[in-house]
Amino acid sequence: MGVSTERRRKFSPTYLQGVTMLDRHHTLEEYAQDHFRSSRSSPKSSMNDVMKSRGTVNPDLWRHSIFPLKEPLLKRLQNKEELTIQACIIYHHILMYMGDVPGRRTRLGMELTDVIFDGPLKHEILRDEVYCQIMKQLTENRNRLSEERGWELMWLATGLFACSQNLMKDLNQFQRT
């Protein structure tokens, strides 16, 4: 006689405080605390100031958004003007590939992926940025087609280059949930 799925789940090591790990999606929230840039806040934005004082990162930096980035996600790319520009261009092409912003209908997916992956293939420092950008767009993404396209990008990225050891744990956890 087999053990019920519910019983196996309840006694598995992944069961945590009444919620299975598969029920909770891993995000970049914790990784962002140490590795993402701080969000720019306007003088009127007191909520952002409160969040900064608590040491939290604006969730818009680590979850799905339809708005283009004006700066890379990772701190280590700041003050590297050429790579900053390239990271923002890559993100815009990720948005277009996933259908999160309107793009030219005639543009082929391959043209977009060429732009997305060319920079990280040439500059190792951009690899983690691309992984973080893809994970950002997959986090709390409510559009099924967009999410499918994001997982296509993740599949392509993992076939082209590895992330740093620094990001590996979060990337693995993200892919498992």
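1. A helix here is a DSSP run of H or I with at least four residues, and helices are numbered from the N terminus. With that in hand, look at the end of helix α6: it is followed by E140, whose phi is positive, near 60°. Please keep in mind as you read that this is a predicted model.

2. Let's step back to the whole chain. It contains eight helices and two strands, and their order along the sequence is α-β-β-α-α-α-α-α-α-α. Of the 177 residues in the chain, 40% are buried. If you take the contacts with a separation of 6 or more, 68% of them are between residues 24 or more positions apart.

3. Now to a pair of helices. Helix α4 covers residues 81–98 and helix α5 covers residues 109–122; their axes come within 9 Å and cross at roughly 150°. Angles over 145 degrees count as roughly antiparallel, and α4 and α5 are therefore roughly antiparallel to each other. The crossing of α4 past α5 is left-handed.

4. Which residues of α4 and α5 meet? On the α4 side they are Q86, I89, I90, H93, I94, M96 and Y97, and on the α5 side G109, L112, T113, V115, I116, G119 and P120. Sorted by class, this contact has nine nonpolar residues, five polar ones and no charged ones.

5. One more residue of α4 is worth a look. T84 is found in this helix and is buried, since its relative accessible area is 17% and buried means under 20%. Beyond its neighbours within four places in sequence, T84 is in contact with P72 and L77.

6. The largest nonpolar core has 38 residues, and within it F36 and Y131 touch the most other members. Two or more residues come from each of α2 (29–35), α4, α5, α6 (125–138), α7 (144–160) and α8 (165–176). The biggest contribution to this core is that of α4, which gives nine residues.

7. Not counting residues up to four places away in sequence, Y131 touches M154, A157, T158, F161, A162, C163, L167 and L171. As for helix α6, 13 of its 14 residues are buried, so this helix is largely enclosed by the rest of the structure.

8. Is F161 buried or exposed? It is buried, with a relative accessible area of 5%, and its place is in the loop between α7 and α8. Apart from neighbours within four places in sequence, F161 is in contact with F117, P120, L121, R127, V130 and Y131. F161 and P120 are 41 residues apart along the chain, and their C-alpha atoms are separated by 8.1 Å.

9. Finally, back to backbone angles. Most residues other than glycine have a negative phi. Where does N79 lie? N79 is in the loop between α3 (46–54) and α4, and its phi is positive, near 70°. With a relative accessible area of 83%, N79 is exposed.

Technical notes. Residues are numbered from 1 along each chain as its sequence is written. This is a predicted model: local features need pLDDT of at least 70, side-chain atom pairs count only at pLDDT 80 or more; totals for chains, interfaces and linings use all residues. Side-chain values use heavy atoms; hydrogens and water are left out. Axes are lines fitted to C-alpha atoms, for helices over the stretch in contact, and angles run from 0 to 180 degrees between N-to-C directions. Angles under 35 degrees count as roughly parallel, over 145 as roughly antiparallel, 65 to 115 as roughly perpendicular and the rest as oblique. A crossing is left-handed if the near helix is turned anticlockwise from the far one by less than a right angle, and right-handed if clockwise. Contact means heavy atoms within 4.5 Å. Ala, Val, Leu, Ile, Met, Phe, Trp, Tyr, Cys and Pro count as nonpolar, Asp, Glu, Lys and Arg as charged, and the others, Gly among them, as polar. A nonpolar core is a set of buried Ala, Val, Leu, Ile, Met, Phe, Trp, Tyr and Cys residues joined through side-chain atoms within 4.5 Å. Buried means under 20% relative accessible area, exposed over 50%, partly exposed in between (1.4 Å probe, protein chains only).
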